[in-house]
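Work through the exercises below with the model open beside you, and try each task before you read its solution.

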Amino acid sequence: MTKRLSKADRSRPTRWVGRLLTLGPGGLYLTLFLAVPLAVIVTYSFMRRGTFGGVVYQPTLENYRRAVDPLFLRILWDSVRIGGLTTLLALLIGYPAAFAITKLPTRWRLPALVAIVLPFWSNFLIRTYAWIVLLNREGILSKALRAVGLTDEPVGFLYNRGSVVVGLLYAYLPLMILPLYAALDRIDPALDEASADLGAKPWRTFIRVTVPLSLPGMTAGSIFVFVPSIGNFVVPELLGGGQAVMVGNLIRDQFLRARDWPFGAVLSLSIVGLMMILLVVQAVQLKRTRAHA
Amino acid sequence: MPRFRRWLVFPLLGVYGFLYVPIVILAVLSFNESGLPTAWTGFSTKWYGALFSNDLILRGARTTLVVALGATVLATIIGTLLALGLERYSRSVLFDAFAIAPAVVPDIVLAIGLLAFYTMIQFTLGTVSVLFAHVTFNIAFVTAVVRTRLHNFDQQLEEASLDLGATELRTFFRVTLPLIAPGILAAALLSFTLSVDEFVIAFFTRGAGVETLPTVIYSMVRFGITPEINALAVVLLGLSFTVVVVSQRLIGLRRVVDNA
Amino acid sequence: MPELVHIAKVTKRFGDVTAVDAVDLTIEENEFFALLGPSGCGKTTLLRILAGFEDPDEGQVLLGGRDLVGVRPYDRPVNMMFQSYALFPHLTVWQNIAYGLVEERLPKREIEQRVGEVIAKVGLEGLESRKPHQISGGQKQRVALARAIVKRPRVLLLDEPLAALDKKIRADMQLELKRLQHEVGITFVVVTHDQEEAMSMADRVAVMNQGRILQVADPITLYERPADYFVAQFIGEMNFIAGEVRDGRFFSPELEGVPAPDADAGPVWLALRPEKIVLRESPGATPVELEGRVETTTFFGSLTHCYVRLPGREEPVVVTAPGPRTFQPGATVWMTWRPEDAVLLPR
């Protein structure tokens, strides 16, 4: 839509009233409930922790020094690995699915997509709980294995990294499939035909045309899966037991148990930092491929 | 013509299986008399009875309803105005980013930021603090949804109205608002659903003794298999599906997918 | 010239619609051939059948004697220039042109040499490392063309090759395409809805409508001696007079017995090009004559269109004459023409 902002228009008093009435409340609200809280976290990250919790307003870099402690770095690295594995699996499972949807007859595509999103609209905790029911020692999978005689003993699949990855994958897979579908759907079908016409077999076309052109979708989906995965503390707790501690758990503990808010602030900034890096990567990539869209 | 390669159905069916089998199992178990996944002891609706007489769950549901309704009303008003302002009166990319930021910032970061902020200004934690926190991220979603609606809106319609003698305010109520109403309604529904399901931010900003439905579910689930949860899952799924169907009627399936 | 492509009884249906209806067609070696018709006439479907993107429901497509039906697009010695050009947006000009040669697994050296040659041939030097979004429409068209001819196909298919270009560049490209076709010695099959384009470029034109081929001929024959009412009205401007042939003469309400020695008896159209009609201020002594009144004239610079109203006829007759107008609106005029300039078409 073209915005017609003529000079006469801009100077009219009604424009200023309109501006104030529309942008004012939202701007004010987000400043108060988003910008200020984030500023508070940044501030706290430079403060000392009080003896009984709380914050003492004495500037220090101590929290950052603690954050590069090997113990914490190991947890961060673990989180990145679990989040990364989740993202990779989501990509490997999600790509063929998204690709398949773009190849469905037109009238089936939307229902197929809605069916991908629908579970996402049910409660996240309940979806995680479903996996406890499935993977528990007394759960469905264990029972099924015993029924077919693969094992005599109850087998538990919970409380390891694998179950955490499965839980995160289950939670965020639709967030991978949607941007992938959007990217794949945007590819001009004439490009497939042109590739075939020039002598490329279907799998060659897939590698030389489809994959490179869907790269922005892969990046977007990976960010949508990776960022919430490493900040998640519910899945590691419910499905991982004490076996997998992730950054999310650590942050929660600093705020609700250890009451070391300044250190918790630093930890949460590490997630924000990771997210920023990924967003920059994405922006650079988008700039490079901008013309494709 | 692009030919559908038949083997492609298998990964697709695999994904649907992965997504739906756990949900279907919960739904089936909710009617299991024993309530346990170990054995089917007969069909029963007793867990639905237990669910609706569970005081903790009912109180949590009440709080959640208050939070979700309040947050939806506030976020819909603020977000719609913001969408209008961003489309009509602003060209600032920064303001655009600011308006979408609450949806992008990881929930745990927003949660502890708000907790720290509330504590600093000594705002009493409780239903109201959760409500205000939910308004924050809901604004981002409402703004995004209403903006897409405004974006596909022919501005000449407003100019026609002004030309025919209606003032700016009359034009807004007689032309703009009716035309973007479906978008606003969809945004409100989305906002309500997100709020009902939201756990992390509520968990941090609720304060002692206040429970929303998700925080109740959290404490129940932590103790392992709880049969009432199966029944609750079915009830909540039913509600979510209804919302999807209603919004589909209002704005078409395309938007439901785009907004998720 | 030897026959290269032979299309026999090819039919293609989409649901209830028959897009291509029992088409027979022969295209010769080194020919510039055009498929001309309005949108939806089936010409693009026929092209896509040649490329291998559609399989015909019935019939045969032979290329140099080999049946192509069932052969996948990537196995055909046929290449296509797409209407949208379909350039790969993530690849450079050079990579786009080399795309098909890489699929042939040619040695790197040969690819470089052939791509270099074709780039010179179509005049894309200096743009090799640009991406498609960094070049102009005309340049994109050259890339699409280069990408196809570098494969040295037996037949090059061009789907509305000039449709996406500005009017001014279009004229240049028409010449350029003809020159290139001559130079590379590849059979070109062009699909177009623009009759001027087909007439000016092609050696032979097939006019299609509703899935059928109505006439295949060189441009002059097509213009001078259309074989069908649709062809006659689709190409250029034409006046039609409904009438009947009896005893070697044409009769209509307006005309009494114009000689038509070769025509079969029955209802016919008498078709007459506007420039074949001569206007006079007074009647001559000839049976081929119509009296009318000048309604309006429109001046086009090099020529003038004169609309002449005949009594008892709804549509005016169009007459073109070189230079500015010589008749005032309202003037009574007599129209005449040489009998052999009129075409009689079955009605």
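Helix axes are lines fitted to C-alpha atoms over the stretch in contact, and the angle between two of them runs from 0 to 180 degrees between N-to-C directions. The model used here is a predicted one.

**Exercise 1.** Determine how α5(B) and α6(B) are oriented to each other, and which residues meet between them.

*Solution.* Begin with the geometry: helix α5 (residues 107-120) of chain B packs against helix α6 (residues 127-151) of chain B at an angle of about 135°, and their axes are 11 Å apart. Angles over 145 degrees count as roughly antiparallel and those from 65 to 115 as roughly perpendicular, and α5(B) and α6(B) are therefore oblique to each other. The crossing of α5(B) and α6(B) is right-handed. Next, look at the residues: from α5(B), B:L110, B:L114 and B:Y118 meet B:S129, B:F132, B:A133, B:T136 and B:F137 of α6(B). Sorted by class, this contact of α5(B) with α6(B) has 6 nonpolar, 2 polar and no charged residues.

**Exercise 2.** Describe the interface of chain A and chain B by its area and its salt bridge.

*Solution.* Chain A and chain B bury about 8,300 Å² between them, with carbon and sulfur atoms giving 78% of that area. Across this interface of chain A and chain B there is 1 salt bridge, and A:E237 forms a salt bridge with B:R222, in which the closest N and O atoms are 2.8 Å apart.

**Exercise 3.** Describe the contact of chain C with chain A in the same way.

*Solution.* The area buried between chain C and chain A is about 2,100 Å², of which 59% lies on carbon and sulfur atoms. C:Y74, C:H90 and C:Y99 supply 31% of the area that chain C buries against chain A, more than any other three residues. Between chain C and chain A the count is 3 salt bridges, and one of the residue pairs that form a salt bridge is C:R48 with A:E193, whose closest N and O atoms are 2.6 Å apart.

Methods. Residues are numbered from 1 along each chain as its sequence is written. Chains are lettered from A and ligands numbered from 1 in the order in which they are written. This is a predicted model: local features need pLDDT of at least 70, side-chain atom pairs count only at pLDDT 80 or more; totals for chains, interfaces and linings use all residues. Side-chain values use heavy atoms; hydrogens and water are left out. Helices (H or I, at least four residues) and strands (E, at least two) are DSSP runs, numbered from the N terminus. Angles under 35 degrees count as roughly parallel, over 145 as roughly antiparallel, 65 to 115 as roughly perpendicular and the rest as oblique. A crossing is left-handed if the near helix is turned anticlockwise from the far one by less than a right angle, and right-handed if clockwise. Contact means heavy atoms within 4.5 Å. Ala, Val, Leu, Ile, Met, Phe, Trp, Tyr, Cys and Pro count as nonpolar, Asp, Glu, Lys and Arg as charged, and the others, Gly among them, as polar. Buried area is the accessible area (1.4 Å probe) that two parts lose on being put together, summed over both. A salt bridge is a side-chain nitrogen of Lys or Arg within 4 Å of a carboxyl oxygen of Asp or Glu.
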